[in-house]
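Welcome! Take a moment to turn the model around on your screen, and then let us walk through it together.

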Amino acid sequence: MRRVILLVMSLLSLAVLAPAQNIQLEMPAGFDSVREGIAAGKVDTIQYQSKTVGNARKALVYTPPGYSRKKKYPVLYLLHGIGGDEKEWLKGGNPQLILDNLYADKKIEPMIVVMPNGRAMKDDRATGNVMAPDKVAAFATFEKDLLTDLIPFIEKKYSVLTDREHRAIAGLSMGGGQSLNFGLGNPDQFAWVGGFSSAPNTRMPEELMPNPEEAKKKLKLLFLSCGDDDRLITFTKRTHDYLFEHDVPHVYYIEPGVHDFKVWKNGLYMFSQFLFKPVDVRSLTKYTILGTPASTNIRSAKYPQILPDNRVIFRTKAPLAQKVQVDLGKKYDMVKDTAGVWSVTTDSIGEGFHYYSLLIDGLALADPASETFYGMGRMASGIEIPFRLGGYYALREVPHGDVRIRRYLSKASNTWREMYIYTPPGYDTTTEKYPVLYLLHGGGEDQRGWASQGKTNLILDNLISEGKAKPMLIVMMDGNLGGPLGPGSMATAGDNFLKVFENELKLGVIPFVESTFRVEADAAHRALAGLSMGGIQTLYAGVKNTDLFSSLGVFSSGWFANNNALSGPHYEFAKANAAKINTDLKNFWISMGGPEDIAYKNCKIMLSKYDELGIKYKYSEYPGGHTWPVWRHDLFLFSQLLFK
């Protein structure tokens, strides 16, 4: 019975929350105009004595329709920009009309709105050089004036609720920065915080919110908004990125616009409808008009855009095309407008890197708005979906190594070939010799894969800076030697192409690296790893040559269960040499992307065989399937085991 009661209570709770979050995504045209036949609030000028500044200061106060001293009201403090004063919102934003109309539509709670002068100095007028250092500094001084002078005055003069849960702060531009600084800096004073087009005075995210877990408990709502063509959007985005990384619920509202009142009025329209009501945190990611351009877009390309819930908006112009789709593994039909622009919004896409193509009348093409990557056996577009736990491959302020490109004449094939080499920070300034990880790509990719899609350099830079990985060289060779090499083609192939690879590794790549770079030239300081096709190459060349490698890493791979001609000799060798393999290999690390990984079943069968043969290994599983997010994480874990 108790479970039934709890279930009913839960459903009732959801029913209460849902209407509170049913907010239109954009203020209707003309909504900030006088509407006949509705009750209107009142705007008064008040004067309060500021001990902080040392004189009397002015502010405007909006009281809602039907304001009565018999009732207590929550309060919103609404701040102006660097060139304004207490009247800026009234002159440019018509906040009283927006609020009156929202009251009439029963979309907001009755509240008092205080519009102060955020320039806390004796001459607080917006005259002369508003960017003068003393005037800019006065915006920071206002924090004390607000907390110790203005708020106590309002709470004495008006019938208001005085707890933090009934106090909000928001502002535009400079006032947006103040709102974030003061609101997040004083969580015991404000439970509702909004920044509209927040200016450069906004503190760095780590200063704004040094304790994200505490903020999650205390904040009722954090609202960030900006126009997509606002040059100050970077300050809003960096705050959003930090909140996203630390899983702090918030609204990140981007709309078409610049640094003007169209955007700020819309910010007030949206923010005020959330205030002083239950908040459905799960719905917050849907409140935006536009997404954020993907980091994988070419310079200045606005699309693809990633929405906060990881849906993606694609657009491309093809006026003569009859049918256009986006192929992300799943195909999405695009819709054409009258200008010949095709668009679609996808389902929520998994975090991390994904290849994609445009299918224009059936022809697979790279998106001209995206960077291209060699994958799927051809040049394809790629999109990077923000990953909350992707800090390990983020570009951070740490010492950075280099990715070098080298062409070499292979003694194995007598052809010119190319490799990418990561050298750790400090390589050029020391005489030290380094260990080497030989890192192999998958089918349909080449030596560029790990350097570009895999973010190898950033992963190692961050690990080395934290002392979690040994400084090492990582050699990313081209594993495409002979054939067949297409995805899945090895399932029925013999081992000739693997022999060619082994020959190239031993006679071409390793000798070139050891004669060109300062590296240790023994098995204890060599490791070999690869993903998918590269994982099979690692199994073939690594297990047979444990006198050359002390560690092997096999990512999303395994011998094909239906190809005994390929796997049989390997297992026979392993059976005959189990003791040597176990003695020589310090790390035999095998990982998979979970049951959805296309190599999962083959790998599990292989591991059962290894168990039968007595081969020692360590197994790791990370959800994500047969994708780059999984392989980045594999490198992150595997590299921390090496050369220790």
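Accessible areas here come from the Shrake-Rupley method with a 1.4 Å probe, and for residues only the protein chains shown count as cover. By that method the chain exposes about 27,500 Å², and carbon and sulfur atoms supply 54% of it.

Before we go on, this is a predicted model, in which local features need pLDDT of at least 70 and side-chain atom pairs count only at pLDDT 80 or more, while totals for chains, interfaces and linings use all residues. Residues are numbered from 1 along each chain as its sequence is written, and side-chain values use heavy atoms, with hydrogens and water left out.

**The whole chain**

The C-alpha atoms fill a box of roughly 90 × 60 × 60 Å, taken along the principal axes. Within the chain there are 17 helices and 27 strands; these are DSSP runs numbered from the N terminus, with at least four residues (H or I) for a helix and at least two (E) for a strand. Of the 644 residues, 55% are buried, where buried means under 20% relative accessible area, exposed means over 50%, and partly exposed lies in between (1.4 Å probe, protein chains only).

**An open sheet and its helices**

Eight strands make an open sheet with mixed pairing, in the order E20-E21-E23-E22-E24-E25-E26-E27; two strands pair if DSSP finds at least two bridges between them. At the edges stand E20 and E27, each with a single partner strand, so one side of each has no neighbour in the sheet. Inside the sheet, E22 and E24 run parallel and are joined by five bridges.

Contact means heavy atoms within 4.5 Å, and angles run from 0 to 180 degrees between N-to-C directions, with axes fitted to C-alpha atoms, for helices over the stretch in contact.

| Helix | Residues | Angle |
|---|---|---|
| H16 | 600-613 | about 145° to E26 |
| H17 | 628-639 | about 165° with E25 |

H16 lies across E26 and E27, whereas H17 touches E22, E24, E25, E26 and E27.

**Buried or exposed?**

Helix H13 spans residues 533-543, and eleven of its eleven residues are buried, so H13 is largely enclosed by the rest of the structure. Among them are Met533, Tyr540 and Val543.

Now find Asn22, in the loop between helix H1 and strand E1. Asn22 counts as exposed because its relative accessibility is 64%. Asn22 and Tyr287 are 265 residues apart in sequence, yet their C-alpha atoms are 9.9 Å apart in space.
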